[in-house]
Amino acid sequence: MRNIATVLFILTLYASCSFAQNIVPVNIYNRSAQSLIGEWHYVVDPYENGYYNYRYEPFDQMENPGKNAFFMNAKPDDKTDLVEYNFDRSPTMEIPGDWNSQVEKLYYYEGSVWFKKSFDYLRKTDSSRVLLYFGAVNYKAEVYLNGTKLGTHIGGFTPFSFEVTNLLNEKDNFLILKVDNTRKKEGIPTLNTDWWNYGGITRDVKLVEMPQTFIRDYMIQLSPENAQTIEGFMSLDGTSSANQEVTISIPELDLRKTLNTDSEGSASLDLKSDNINYWSPENPYLYEVVLTTPSDTLEDRIGFRTIETEGGRILLNDQPVFLRGISIHEERPFDDGRVRNKKQAKQLLQWAKELGCNYVRLAHYPHNEHMVRLADEMGILVWEEIPVYWTIDWNNTATLKNAKNQLNEVIQRDRNRASVIIWSMANETPVSKARNNFLNELATLTRSLDKTRLISAALEQSSLEGNPNIRTIDDPFADVVDVLSFNQYIGWYEGLPSKAREITWEISQNKPVIISEFGAGAKQGFHADSLTRWSEEYQAYLYSETLNMIDKIDGLSGLSPWILADFRSPRRQLPDIQDEWNRKGLISDDGIKKKAFFVLKSYYENKLKLWNTDSRR
Ligand code: GCB
């Protein structure tokens, strides 16, 4: 009898959870929403005491979880009642925000922390649907609303959401998350990285109100084959998605088209115009695009451009482009911790502009959505990547699924951004059959989701036939990518800066080349001769030597040196110099520019002049 009851309970649990699918609508920032940012209560739970009972059985799979399950947000009924936690009397921290930089005792913490936010919610229209949206939670989020589990999300840098329409009350809702940033061998990223594993609810949290049937996804980009055609699709979510009349218009181009969705709720679109003002770094022109359905209207600002390769060149709107770039970690300027808002994101991109960049590599994971939206507005080309970094568990099918999911989530979020021109599959991954298969699967998925961008990966270089002075790229994935990119640290991890003079490059793939990383560590304010490690002079010298060397590479189409600003890394322990900062920044952690910043800046100024006058390019 008890077993039947349990089966019935599990069935009802599934049925009651069916509304909590992971629907991630695009263009969330143009939707009307109630923000849930601000102070949240938290409870640190290293033994996951609020998640498992003492027999290590998860409370959220029990018929009666009882008061000890933290997601119940229980309070003692009377003075005799035993409850061993209390969110409302626990401390608070700012959300969005990582815990490591906000709470001193959590600086090194990796494990589980519970968060609680209470709120009231008044629906604007009775018939509307409400989605609970998270910009990112690192790394694994278990999400509960008013004691009911909404679901789990894995992956620390991409958005997810749940429908909560039927669970919301007008008063006293409690949203509870267990966030776990334990590093895992099979994770994406895996155990070993060179950045801080900031845990927490690191991006925006919102309740987004939608009509019963709403615009969930669309892609509206210039056709790679025809620069007079804007094409793509839009798709609806809701009971009246099929066979609906939908309209897309771009008023400034006098374009308007009405379409019918198919039985799946999707419609393909194409619009033609001879008057498109193409987006580029020199002309970051964005059009207002309006999507309308019988119940929903959504606006976006979209730029139109083409990007392709031809032999060793990258062509933007049919013109060769040189990518004057810099790599960026998503860390707060003048501070430490993850970027928390648009203003901080803008500061990073403004520094890149000051350096003379028309391009940034957003390393080593998807950054917040502000970055790519600002890049659209500011005219900065973007490389985006997922944290497939170093030695991933290549043979693990769940790991591949996880990587694909993160890739899918970032592509879906950003494929309407003209600034994004490159999807990168991985960084410095060791060649093997299993790794090649893994990356090939990612490339195939990317091409199926988006034909309007290029594919790359930060590969590694090696000596040609054992000759240490001739370098090459010997990696089967080089045949798969559109743009050949690699990291190299000649003069830092390998010899001294003058070593760059001995090296020549023989790159046989007839593809554009981007040097995705080079760099040297320097402690801002430490001055010495140019052979003294950690001095600003050493870093500046390495930049001069490296720039001379790479300029001789055939097909050099860009670079993104490592890195814009110093960033936190537990691998960097040298006292008084590193103190847990990777010091390869051109700007210090307190925002001061080092000498090498100006070396790169003047290289970019010259490059721009030469590029504009070079008729052979
Ligand atoms: C690399 C990695 C980057 C590191 C950098 C370094 O090759 O891609 O994540 O931070 O080197 O500083 O060693």
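## Ligand site and domain contact

Of the 14 residues around the ligand, those that come nearest are Asp 194, Tyr 389, Glu 428, Tyr 493 and Lys 584. Keep in mind as you look around that this is a predicted model. Sorted by class, the shell around the ligand holds five nonpolar, four polar and five charged residues.

| Residue | Distance from a polar side-chain atom to a ligand oxygen atom |
|---|---|
| Tyr 389 | 2.6 Å |
| Trp 562 | 3.1 Å |

Now let us step back to the whole chain. The protein chain is divided into domain 1 (12-205), domain 2 (212-308) and domain 3 (317-613). Between the C-alpha centres of domain 2 and domain 3 there are 32 Å, and their contact takes 24 residues from domain 2 and 25 residues from domain 3.

How much area do domain 2 and domain 3 bury between them? The value is about 2,000 Å², with 50% of it on carbon and sulfur atoms. On the domain 2 side, Met 219, Trp 279 and Ile 307 supply 28% of the area buried against domain 3, more than any other three residues.

Polar and charged groups take part here too. Across the interface of domain 2 and domain 3 there are 14 residue pairs in polar contact, and the rule finds four salt bridges. A salt bridge also joins the side chains of Asp 300 and Arg 373, at 3.3 Å from N to O.

Key
Residues are numbered from 1 along each chain as its sequence is written. This is a predicted model: local features need pLDDT of at least 70, side-chain atom pairs count only at pLDDT 80 or more; totals for chains, interfaces and linings use all residues. Side-chain values use heavy atoms; hydrogens and water are left out. A residue is near a molecule or strand if one of its heavy atoms lies within 4 Å of it. A polar contact is a pair of N or O atoms within 3.5 Å; within protein, one must be able to donate a hydrogen and the other to accept it, and residues adjacent in sequence count only if both atoms are side-chain atoms. Ala, Val, Leu, Ile, Met, Phe, Trp, Tyr, Cys and Pro count as nonpolar, Asp, Glu, Lys and Arg as charged, and the others, Gly among them, as polar. Domain bounds come from an automatic or database domain assignment. Contact means heavy atoms within 4.5 Å. Buried area is the accessible area (1.4 Å probe) that two parts lose on being put together, summed over both.
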